[in-house]
Amino acid sequence: MPHTPVPAQELTSRLTRLRAEMHRHHPDWHMIILDNKIDLYYFTGTMQEGALVVTPDEAVLFVRRSFDCAKRDSLFADIRPMGGFRALREAFPQVPETVFFSTRTMTLQKLSMLQKHLPFTSYLSADHVLSALRAEKSEYERACMRKSGEIHAHVIETLAPALLREGVSEARLCGEICTALLEQGGMGISRFNQPAAEDVLGVCSFGENGLREAALDSPSGTVGTSIAMKSIGSSERRLQNGEPILLDIPCGFRGYHTDKSISFFFGRLADHPQGDLIRAAHEHCVFLEYEIASMLTAGAAPAEIYEKVLAIVDPRFREGFMNGAKFLGHSIGLTMDETPVLAPGFTTPLAAGMTIAVEPKIALPGIGLIGTENTYEVVSHGPAPSLSGACQTLFEISG
C-alpha cells in the first residue's frame, strides 16, 4: 500500500516562504543548494539522495538514488535524475559568485565536489532562515504531530503500565514500548538535528541509572546498551520492586515527532523510606509542566520563561533540577531538537504554530530521575494545548 505523500500545495507554500525569507534577510541572493535528507523532505517530500537547487525563479530536485522512488514518493513539481554534480551545472549554467548552503549539515567532502563543478567563489549559511521556517508549523504539520501525540499518549499512558513487571530489563521494556508505538502507527525512530546525535528509539531507566549522563544534551540518563550506545537502556539492569522508572521515548508520524516522558514508581511508595520525597518530586514536576505550558503564548520570550520557572522551583529540588541540563524544553518537529529552546539566550518571541516539548525533571541522589514531558502547541492566547496527552498520570504501579 503506498504511503500518503506530502501535499503539493504544502510543498509550494514552503518554497514560497523560503524565497520570501531569503529576500528579506539576503535581498541579493541567487541560489541555495540543499542536500541534507531532512531539508529535502521538508521542501520536496522525499528523502532520496540528491540535491535541491532553489533560485528566485526555479526549484529543481536532482536525485542520485533512487529517481523512481522519488517520483513515487513526491509531488514536487520538478524532479530530475542526477548522475553527478555536473547535472547541476548543465541545468544552471549561470552560477552566482555566492551560493547559500545549510552549513550545519554540509560536509567538506560534498562542498569540494560542488566547487569542482560549480564555479562559485564563496558561500554563506542559510541555517537561520531554514530553522525559522521549520519553527512555525503549518496546519498540515500540526495535524501530523497531533496524530503522533495521539499514538504517543495511548501507548505511554495506557499500554506501558501493563508492561511493567519485576525482572524485565530496561532494554526489553524500551523495545516493547517502541514495538507498541509501531503497531499503533508510529514511524519507529526519532531523528536529531545535532551533528553528534544519533537516530534513536528512546530511553528507559530504572532507579539510579536515570542519573547517568547520556550522549545527548538531555536531563534523561541511561547506561545504554553499551559504551558505544548511550540510549535505549541496559539489557542487564532488571526492574525490582521499590524503584522509580523513567520512560523518555519519542513518537513520530509521517516524519513529525512528539516527545513525551513519564515516571512510574514500581511498588508502594509507603514502603520506601523516602516515598514522601519521591511523590513530592513527581507532583512538583507536574506543577512545573502546567506552569510552563501556561507561559507558552505568542510573544513570550523563551529566556524569560526559563528564568521565571527557575525562580519557582522548590528549594528542595533546585540542586537536582534538570539533572545538569540548562534548559526546560525544546522545539520539535522533523527533528527532536529544533529551535527555539526554553533556555538562556533565546530572546526572540514565540509565535503561534510553534511546537515545544516541555520536560521538567528532578534528580534525586541515590534514588533516580523523576520527571514529566509533553509536546505543546503555542497559541495566540491562553495556555498551550498538549499534543501528547497528560502530565498528571498514574504514578504508583503495584509490583
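1. The largest cavity is lined by Cys178, Leu181, Gly186, Met187, Gly188, Ile189, Ser190, Leu201, Pro250, Cys251 and Gly252. Helix α8 and strand β9 (251-253) each give two or more residues to this lining. A cavity here is a set of points, on a 1 Å grid over the protein atoms alone, where a 1.4 Å probe fits but cannot get out; lining residues have an atom within 4 Å of a point. Helices (H or I, at least four residues) and strands (E, at least two) are DSSP runs, numbered from the N terminus.

2. This is a predicted model: local features need pLDDT of at least 70, side-chain atom pairs count only at pLDDT 80 or more, and totals for chains, interfaces and linings use all residues. Residues are numbered from 1 along each chain as its sequence is written, and side-chain values use heavy atoms, without hydrogens and water.

3. The largest cavity holds about 80 Å³ of space. One cavity of 30 Å³ or more is counted. Volume is the space filled by probe spheres set on grid points, which are joined across faces, edges and corners.

4. The lining has seven nonpolar, four polar and no charged residues. Ala, Val, Leu, Ile, Met, Phe, Trp, Tyr, Cys and Pro count as nonpolar; Asp, Glu, Lys and Arg as charged; the others, Gly among them, as polar.

5. Four strands form an open sheet in the order β7-β8-β11-β18, with mixed pairing. Strands β7 (203-206) and β18 (396-397) stand at the edges; each has a single partner strand, so one side of each lacks a neighbour in the sheet. Two strands pair if DSSP finds at least two bridges between them.

6. β7 pairs with β8 (residues 243-248) in the antiparallel sense, over four bridges. Val203 has Asp248 in β8 as its bridge partner.

Conventions: 1 Å grid on protein atoms, 1.4 Å probe; cavity = no way out; pocket = protein on both sides within 12 Å on 5 of 7 lines; lining within 4 Å.
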